[in-house]
Amino acid sequence: MKIRLFHEQDAVQIAQLFHETVREINIRDYSIDQVKAWAPDNIHFRNWAKVCSNRYTYVADDEGAIAGFGELEFSGHIDCFYCHKNYQGMGIGRKIYCAIEDKAHELGINRLYTEASITAKPFFLHMGFSIVREQQVERRGETFVNYAMEKFLKNADSPA
């Protein structure tokens, strides 16, 4: 398993991974109407190639199969962060997250933040994030619960 930066040719696999993960994993914590609004039938509702290219998007590449991905914006925001349904619980999320945190340190970012789903909240807590607040968000006419979360990074130059 190799963690690397996104390549434009990854876009179709990323779109499919996002769609399948939301529809088959997040369904544990959200209704069918909510997951259909979150991951619409048109998997190209987002220009995956453009968005993933305009930030630090790390992918877990299993000999050509994308096992997961995570997006770091220049502000420290982690946007999409998903592991393929067949690769859940294998430590891939941790590897992607470590690449994101390493890049944040390199860029001098001292705070990472995200809006974690009910499903992703335990992962981010395990990675050292704190819950800022529970919130209600709206997507395509459906309301969802998610969690604003953050993690302050220690500067490599400061004492631990």
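Predicted model: local features only at pLDDT ≥ 70, side-chain atom pairs only at ≥ 80, totals over all residues.
Local features were considered at pLDDT of at least 70 and side-chain atom pairs only at pLDDT 80 or more, whereas totals for chains, interfaces and linings use all residues. Residues are numbered from 1 along each chain as its sequence is written, and side-chain values rest on heavy atoms, with hydrogens and water left out.

The largest pocket has a volume of about 970 Å³. A pocket is here an open set of points on a 1 Å grid over the protein atoms alone, where a 1.4 Å probe fits, with protein on both sides within 12 Å along at least five of seven lines; lining residues have an atom within 4 Å of a point. Grid points are joined across faces, edges and corners, and the volume is the space filled by probe spheres set on the points. The lining comprises 41 residues, of which Trp38, Phe81, Tyr82, Ser117 and Ala120 are the closest to the pocket centre. At least two lining residues each are supplied by helices H1 (11–24), H4 (92–107) and H5 (121–126) and by strands S4 (77–83), S5 (111–117), S6 (130–139) and S7 (142–152). These elements are DSSP runs numbered from the N terminus (helices: H or I, at least four residues; strands: E, at least two). Strand S4 provides the largest share of the lining, 7 residues. By class, the lining contains 23 nonpolar, 12 polar and 6 charged residues (Ala, Val, Leu, Ile, Met, Phe, Trp, Tyr, Cys and Pro count as nonpolar, Asp, Glu, Lys and Arg as charged, and the others, Gly among them, as polar).

Glutamate 63, in the loop between strands S2 (56–62) and S3 (65–72), has a positive phi near 50 degrees. Its relative accessibility is 81%, so glutamate 63 counts as exposed. Arginine 140, in the loop between S6 and S7, also has a positive phi near 50 degrees; with a relative accessible area of 46%, arginine 140 is partly exposed. Buried means under 20% relative accessible area, exposed over 50%, and partly exposed in between (1.4 Å probe, protein chains only).
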